[in-house]
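Keep the sequence at hand as you read.

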Amino acid sequence: ARVAALRAGLPQSIPAKTVHRNCASGMESVTTCMTQIQIGQSDIMVAGGCESMSNIPLLFQDDMVRWLDRLSKSKSLIDRLNTFSTFRPRFLRPVSGLLQGLTDPVCDMMMGHTAEVVANDFGITRSMQDDYALASHQKATLAIETGQFSAELMPVIIPPPIHPHHRSRFGTQSKSNP
């Protein structure tokens, strides 16, 4: 959020906050902003969000973390060599942060699977879900076209990208390289 705010041209004096919630960061940022306005902490806020489910974080498994911890605590060359001798290639098997984050530890099911169970329990078909999604988009389009969201929406003009060699450390064009 800080980088996005600075690159959008907001001054350094404006605070920024990152909200992370799997599949709902954008909506969570809106409700967080709304709450801060309602309780008087802010007058104006900008909210946005994006998800990238294809750029998943890969984590080390516990064996690798413990091995790295032992290695970092090894003081002498002999200690380090002894620690290296305990390394196993299986330690390098990555753990998907996305799969871990989307798995409910109570029922040990991924979010998509729990949604399928709920849909099945309530007799909601894929066709019904698609119809609901389409109707939702149609309602949003109609509301925009009829001006119902005119107070909530404003155009955002995106400036052309600045060549990387002309950026300062905050992402804006430097004075020495116009």
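M128 sits in helix α7, which covers residues 126-145. In this predicted model, M128 is partly exposed, with a relative accessible area of 43%. Together with V118, F122 and I124, M128 makes a nonpolar surface patch of about 400 Å².

Searching the whole structure turns up three aromatic pairs. In one of them, the ring centres of W67 and F84 are 5.5 Å apart and the planes stand at 70°, so this pair is edge-to-face. W67 belongs to helix α3 (residues 62-73) and F84 to helix α4 (residues 77-85), so the pair ties together parts that lie 17 residues apart in sequence. W67 is buried at 4% relative accessibility, whereas F84 is partly exposed at 48%.

W67 also pairs with F87: their ring centres are 5.0 Å apart with planes at 65°, so this pair is edge-to-face as well. Here helix α3 is linked to the loop between α4 and β2 (95-96), with W67 and F87 20 residues apart. F87 is partly exposed, at a relative accessible area of 25%. W67, F84, F87 and F91 form one aromatic cluster.

## Q36 in helix α2

Now look at Q36, in helix α2 (residues 25-38). Its relative accessibility is 18%, which counts as buried. Setting aside neighbours within four places in sequence, Q36 is in contact with K17, Q41, S42 and M45.

## D108 in a loop

D108 lies in the loop between β3 (103-104) and β4 (109-110). This residue is not a glycine, yet its phi is positive, near 55°. D108 counts as exposed, at 62% relative accessibility.

How values were computed:
Residues are numbered from 1 along each chain as its sequence is written. This is a predicted model: local features need pLDDT of at least 70, side-chain atom pairs count only at pLDDT 80 or more; totals for chains, interfaces and linings use all residues. Side-chain values use heavy atoms; hydrogens and water are left out. Patches are made of residues with over 30% relative accessible area and no salt bridge: like charges are joined within 9 Å, nonpolar side chains (Val, Leu, Ile, Met, Phe, Trp, Tyr) within 5 Å. Accessible areas come from the Shrake-Rupley method with a 1.4 Å probe; for residues, only the protein chains shown count as cover. A salt bridge is a side-chain nitrogen of Lys or Arg within 4 Å of a carboxyl oxygen of Asp or Glu. Helices (H or I, at least four residues) and strands (E, at least two) are DSSP runs, numbered from the N terminus. Buried means under 20% relative accessible area, exposed over 50%, partly exposed in between (1.4 Å probe, protein chains only). Contact means heavy atoms within 4.5 Å. Rings of Phe, Tyr and Trp (its six-membered ring) pair if their centres lie within 6.5 Å; planes under 30 degrees apart count as stacked, over 60 as edge-to-face and the rest as tilted.
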